Amino acid sequence: TIGYGVPDPYYNNCWQGTWLLTVQALVAYFLNAVVIGSIFVRLTRPQKRANMVLFSHYAVIQQINGALYFMFQVCEMKCNDAIEAKVKCYCIRHDRN
């Protein structure tokens, strides 16, 4: 333990003990931050995940109920499911008048 409940808060006038406990607590906070930060960075790297998503080579424009739909296939190469997957597709259309 670090001495909670000791009647003398200065450990019988031993200031080195108080200083040592303070330094130990600060080092522990720093090491916890480094470990948690490195785990967080490892889990949230999008670069490798982007390499595991494949798009089809061919796309189709199909008319359904009078509206044109652009359709293609997307495949996730990893075995785990993509949570809240979002795909944005932009179409630039040039009309001749």
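This is a predicted model: local features need pLDDT of at least 70, side-chain atom pairs count only at pLDDT 80 or more; totals for chains, interfaces and linings use all residues.
Some ground rules. Local features need pLDDT of at least 70 and side-chain atom pairs count only at pLDDT 80 or more, while totals for chains, interfaces and linings use all residues. Residues are numbered from 1 along each chain as its sequence is written, and side-chain values use heavy atoms, with hydrogens and water left out.

The overall picture, then. The protein has two helices and four strands, in the order α-α-β-β-β-β along the sequence. Helices (H or I, at least four residues) and strands (E, at least two) are DSSP runs, numbered from the N terminus. Of the 97 residues, 1% are buried; buried means under 20% relative accessible area, exposed over 50%, and partly exposed in between, with a 1.4 Å probe and protein chains only.

Next, the hairpin. S2 and S3 run antiparallel and are joined by five bridges, where pairing requires at least two DSSP bridges between two strands. Val60 is opposite Met71 in S3. Two residues sit between the strands of this hairpin. Asn65, in the loop between S2 (60-64) and S3, has a positive phi of about 55° without being a glycine. Asn65 counts as exposed, at 81% relative accessibility.

Now the rings. There are two aromatic pairs, taking rings of Phe, Tyr and Trp (its six-membered ring) with centres within 6.5 Å; planes under 30 degrees apart are stacked, over 60 edge-to-face, and the rest tilted. Phe55 and Phe72 have ring centres 6.0 Å apart and planes at 45°, so this pair is tilted. Phe55 belongs to strand S1 (residues 53-55) and Phe72 to the loop between S3 and strand S4 (74-76), so the pair ties together parts 17 residues apart in sequence. Phe55 is partly exposed at 49%, as is Phe72 at 31%. Phe70 and Phe72 make a tilted pair, with 5.6 Å between centres and 50° between planes. Phe70 is placed in strand S3 (residues 67-71) and is partly exposed at 48% relative accessibility. Ring pairs link Phe55, Phe70 and Phe72 into a cluster.

Last, the surface. Which residues make the nonpolar patch of about 710 Å²? They are Phe55, Ile61, Leu68, Phe70, Phe72, Val74 and Val87.

Conventions:
Patches are made of residues with over 30% relative accessible area and no salt bridge: like charges are joined within 9 Å, nonpolar side chains (Val, Leu, Ile, Met, Phe, Trp, Tyr) within 5 Å. Accessible areas come from the Shrake-Rupley method with a 1.4 Å probe; for residues, only the protein chains shown count as cover. A salt bridge is a side-chain nitrogen of Lys or Arg within 4 Å of a carboxyl oxygen of Asp or Glu.
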